Protein chains: 2
Amino acid sequence: MSTGTCPPSVGRPRAFDMEKALEKALEVFWKKGYDGASLSDLTEAMGINKPSLYAAFGNKEQLFLKAIELYENRPCAFFYPALQQPTAYLVVEHMLFGAATSMADTSHPHGCVVVQGALSCSEAAATVKAALIARRRDGELALRARLEQAREQGDLPADVDTTILARYLGTVLQGMAIQATNGATPEELKQVAQLTLDNFPRR
Amino acid sequence: MSTGTCPPSVGRPRAFDMEKALEKALEVFWKKGYDGASLSDLTEAMGINKPSLYAAFGNKEQLFLKAIELYENRPCAFFYPALQQPTAYLVVEHMLFGAATSMADTSHPHGCVVVQGALSCSEAAATVKAALIARRRDGELALRARLEQAREQGDLPADVDTTILARYLGTVLQGMAIQATNGATPEELKQVAQLTLDNFPRR
DNA sequence: TTAATTTTGTACCGATGAGTAAATATATAG
DNA sequence: CTATATATTTACTCATCGGTACAAAATTAA
């Protein structure tokens, strides 16, 4: 039962690049959301037709989930890599400015697909909505753990409540996604990032 | 040309309360978003059938816009009333805690329909998306004007950039809407509000 | 060459989307 | 009572929705 991503050795070879197609699907979901993205939108952008899409990715829901996975693992992703920074301040600085840069980048849709992919949505999107909420919570928990580690190492004041601080930072980051869809420029988002950083508790 | 909301004196009287029906429509749009809310969802919640909806409200798009208008004028709206507070600090305090209370209130859908009603959406929703963006920007501009007035009155430090501060506060408020759809409790949102307020520049 | 296997293109499925035509019901004006 | 005006109900329109059946095409294994 080798259900991996490796292509089978026998049979007609796939005529398109799954990764490229998934990237295109991600852009559609990012721009239009799960409910707003139709299969026609998707197949057109991906350059394939429906049977190919279903054979390769399952269905619309699974395609969305795979697109989200790609989103968080792409080179321009900013959240998890920022956690590797050596100090809490640098972690947050990288995170906030990475968000400002990425979310207003005009080479792809504005904002963050994890925030806006299925926020208010139909019942058909309930599964993907739950998956996105879980991703947002996981991110917040990972940030909290990183801040807690910093606090224990004396890198943050001992009286800081890292749960609240992580939730606050998640709130600002998620708000920046909305600002980006409002049309905020990278500079405007960076001003928000800087103001947030100015208030960040230092050792 | 009296195209007001006053009912005509002749003809069969309307059998439903337009305001009540609009309130129900608002709840549906709030929960499901513009794309995710079907006319069946709407007519079922409103307790009327489609021709009545179209006769009374025009079409889905106009119904949405009227629902948004109702949303901002309802008694539990917190944004514009907060601007009436006598000091910048009190304005922001009322705004943040009003948001924390309202957005996690379980008597209606979580979050804010102006934020999440049409964030990522289909082309059919382009008009309402633009309308929501305009509302968010208007709110931010009104807050900026209030902060600027406070600054001129010496109620805020003279070196405060009210444009950036208003954008930052708008970002936090919009992020709180996302947190609310994540399932954050009123208490959790109030902790974010308090932390934001702790950093607010005082005279 | 033949068999087995997988992808592709076309053409379709039933369900649902937003929106409406037309008949009926209920009111007021004269 | 009659005429007019508006609302309601039912049944419908056409387009699109997500998803699939089927046959042709393209590959490897034997």
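**Entry 1: polar contacts between the chains**

I take a polar contact to be a pair of N or O atoms within 3.5 Å; within protein, one must be able to donate a hydrogen and the other to accept it, and residues adjacent in sequence count only if both atoms are side-chain atoms. The model I am examining is predicted. Between chain B and chain A I count 19 residue pairs in polar contact, both residues at pLDDT 80 or more.

I then looked up which parts of chain B face chain A. Helix 1 (18-36), helix 7 (113-116), helix 8 (126-152), helix 9 (162-182) and helix 10 (186-198) of chain B each supply at least two residues to the side that touches chain A. Helix 9 of chain B gives the most to this side, namely 14 residues. Sorted by class, the side of chain B that touches chain A holds 14 nonpolar, 16 polar and nine charged residues.

**Entry 2: extent of the interface**

How many residues does each chain bring to the contact? I find 39 residues from chain B and 39 residues from chain A. For the area buried between chain B and chain A I note about 3,500 Å², with carbon and sulfur atoms giving 54% of it.

**Entry 3: salt bridges across the interface**

I searched next for paired charges. Side chains of opposite charge can pair when their charged atoms come close. Across the interface of chain B and chain A the rule finds four salt bridges. In one of them, the side chains of Glu123(A) and Lys32(B) meet at 3.1 Å, N to O.

I also recorded the salt bridge of Arg167(A) with Glu188(B), whose closest N and O atoms are 3.9 Å apart. This pair crosses between chains, running from helix 9 (residues 162-182) of chain A, which holds Arg167(A), to helix 10 of chain B, which holds Glu188(B). Is Arg167(A) buried or exposed? Arg167(A) counts as buried because its relative accessible area is 7%, under the 20% limit. Glu188(B), at 24% relative accessibility, is partly exposed.

**Entry 4: salt bridges within each chain**

Over all chains, my search of the whole structure returns 12 salt bridges. In chain A, Arg74(A) forms a salt bridge with Glu23(A), the closest N and O atoms lying 2.2 Å apart. The two residues are 51 residues apart and link distant parts of the chain: Arg74(A) is in the loop between helix 4 (60-73) and helix 5 (79-82) of chain A, and Glu23(A) is in helix 1 (residues 18-36) of chain A. Arg74(A) is buried at 13% relative accessibility, whereas Glu23(A), at 26%, is partly exposed.

I looked up Arg74(B) and Glu23(B) in chain B as well, and their side chains meet in a salt bridge at 2.2 Å, N to O. Here Arg74(B) is in the loop between helix 4 (60-73) and helix 5 (79-82) of chain B, and Glu23(B) is in helix 1 of chain B, 51 residues apart. Arg74(B) has 13% relative accessibility and is therefore buried; Glu23(B) has 26% and is therefore partly exposed.

**Entry 5: the nonpolar core**

In soluble globular proteins, nonpolar side chains tend to be buried together. Which members of the largest nonpolar core touch the most other members? Of its 135 residues, I find these to be Leu147(A), Met176(A), Leu147(B) and Met176(B).

Definitions and conventions: Residues are numbered from 1 along each chain as its sequence is written. Chains are lettered from A and ligands numbered from 1 in the order in which they are written. This is a predicted model: local features need pLDDT of at least 70, side-chain atom pairs count only at pLDDT 80 or more; totals for chains, interfaces and linings use all residues. Side-chain values use heavy atoms; hydrogens and water are left out. Contact means heavy atoms within 4.5 Å. Buried area is the accessible area (1.4 Å probe) that two parts lose on being put together, summed over both. Helices (H or I, at least four residues) and strands (E, at least two) are DSSP runs, numbered from the N terminus. Ala, Val, Leu, Ile, Met, Phe, Trp, Tyr, Cys and Pro count as nonpolar, Asp, Glu, Lys and Arg as charged, and the others, Gly among them, as polar. A nonpolar core is a set of buried Ala, Val, Leu, Ile, Met, Phe, Trp, Tyr and Cys residues joined through side-chain atoms within 4.5 Å. Buried means under 20% relative accessible area, exposed over 50%, partly exposed in between (1.4 Å probe, protein chains only).
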